[in-house]
Amino acid sequence: MLRFGILSTAKIGRELVIPAIQDAENAVVTAIASRDFSKARQLADRFSVPHAFGSYEEMLASDVIDAVYIPLPTAQHVEWSIKAANAGKHVLCEKPIALKAEEIDSLIAARDRNKVLISEAYMVTYAPVWLKVRELLASGAIGALKHVQGSFTYFNRDPGNMRNIPELGGGALPDIGVYPTITTRFATGKEPKRVQAEVERDPEFGTDIYASVKADFGDFELSFYISTQLAGRQLMVLHGTEGYIEVKSPFNADRWGAEEVELTNQNHGQSQIFRFQDSRQYRREIEAFATAASGGNAEVVSLESSKNSQRFIDAIYRAAEKDGWETV
């Protein structure tokens, strides 16, 4: 059993990841840390976790954990991932793990120096819906892929929310722009060559709140839009010469709606629907991470892949400042 310590009492940990760890077959939460000990103790009691710490450093120095899950504000991910690695702990860090691609080099160095696993928590890469999409593409089910279309939006103008605070790493692209990009890269195994983009910022917050992106992958293109100030929507469609694939709940598969992949043929005369009941993508993420951290054979998100993800996002920001294509 891989023993996890949770670095903070953040909402995503409370509601999604801690329950997933406790539900996993090969992992358990043994400690929770907060800068406010009472909060750590309260959350630990809620999940019957034996240890609570009033500082992150104290938990990292303890021998009651083997790994940490980091759901801190984005701007703190690199710092605490390195600190955890230097303490000899494996690291599962919320996305995005960094705000610039070059920052990931220091994480790779810390991983290699300390011989630990550091992985970015892209739960979608463990979801049965995306494993099915990857399988269908590889089998030629839609012929030659020519276009991927995506959207991910929600509405949030809470000034106290970290997604609306630039200093904490807020913004639509770091928060949700990473999903159409990672799923396209994951399903196809391809990397973007160049991008065009328009990005809109909130005049009050200063964070990016809308982006429209076109990316050239060579054999196909990806177009998507995202926003933190539009009515909620999630959709991904992969269109080929012989058919197309529609992913009904592409990102929040366990909360948004039906966990389905629909494959439609060329003349729109036949469709196949693949349903996944209660896929528990967060649990699958934890179990794969725990297996890999223990030396087993499991596919996890590597820091090299994370660097390519962030290079994509960095290029989108650059493209928004110019008229025309920007090299990734």
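Mentor: Let us begin with one side chain: Arg318 is partly exposed, its relative accessible area being 38%. On that scale, buried means under 20% relative accessible area, exposed over 50%, and partly exposed in between, with a 1.4 Å probe and protein chains only. The model is a predicted one, in which local features need pLDDT of at least 70 and side-chain atom pairs count only at pLDDT 80 or more, while totals for chains, interfaces and linings use all residues. Residues are numbered from 1 along each chain as its sequence is written, and side-chain values use heavy atoms, with hydrogens and water left out.

Trainee: With which residue does the side chain of Arg318 meet in a salt bridge?

Mentor: In general, side chains of opposite charge can pair when their charged atoms come close. The criterion here is a side-chain nitrogen of Lys or Arg within 4 Å of a carboxyl oxygen of Asp or Glu. Arg318 meets Glu326 at 2.8 Å, N to O, and Glu326 counts as buried at 13% relative accessibility.

Trainee: How many salt bridges does the structure hold?

Mentor: There are 25. One of them joins Lys248 to Glu262, with the closest N and O atoms 3.0 Å apart. This pair links distant parts of the chain, 14 residues apart: Lys248 lies in the loop between strand E12 (243–247) and strand E13 (260–265), and Glu262 in strand E13. Lys248 is partly exposed at 25% relative accessibility, whereas Glu262 is buried at 17%. Elsewhere, Asp23, Glu25, Arg280, Arg283 and Glu287 are linked in a network of salt bridges.

Trainee: Which residues of H5 and H9 meet?

Mentor: Contact means heavy atoms within 4.5 Å. Ile104, Asp105, Leu107, Ile108 and Arg111 of H5 meet Leu303, Glu304, Ser306, Lys307 and Gln310 of H9. Glu304 and Arg111 form a salt bridge, their closest N and O atoms being 2.8 Å apart. Although 193 residues separate them, this pair links helix H9 with helix H5. Glu304 is partly exposed at 38%, and Arg111 is buried at 17%.

Trainee: Which residues have the most contacts inside the largest nonpolar core?

Mentor: In soluble globular proteins, nonpolar side chains tend to be buried together. A nonpolar core is a set of buried Ala, Val, Leu, Ile, Met, Phe, Trp, Tyr and Cys residues joined through side-chain atoms within 4.5 Å. The largest has 77 residues, and Phe4, Trp130, Tyr179, Leu238 and Ile245 have the most contacts inside it. Helix H7 (residues 172–188) contributes the largest share, eight residues. A second, separate core of 28 residues includes Val78, Ile82, Cys93 and Leu303.

How values were computed:
Helices (H or I, at least four residues) and strands (E, at least two) are DSSP runs, numbered from the N terminus.
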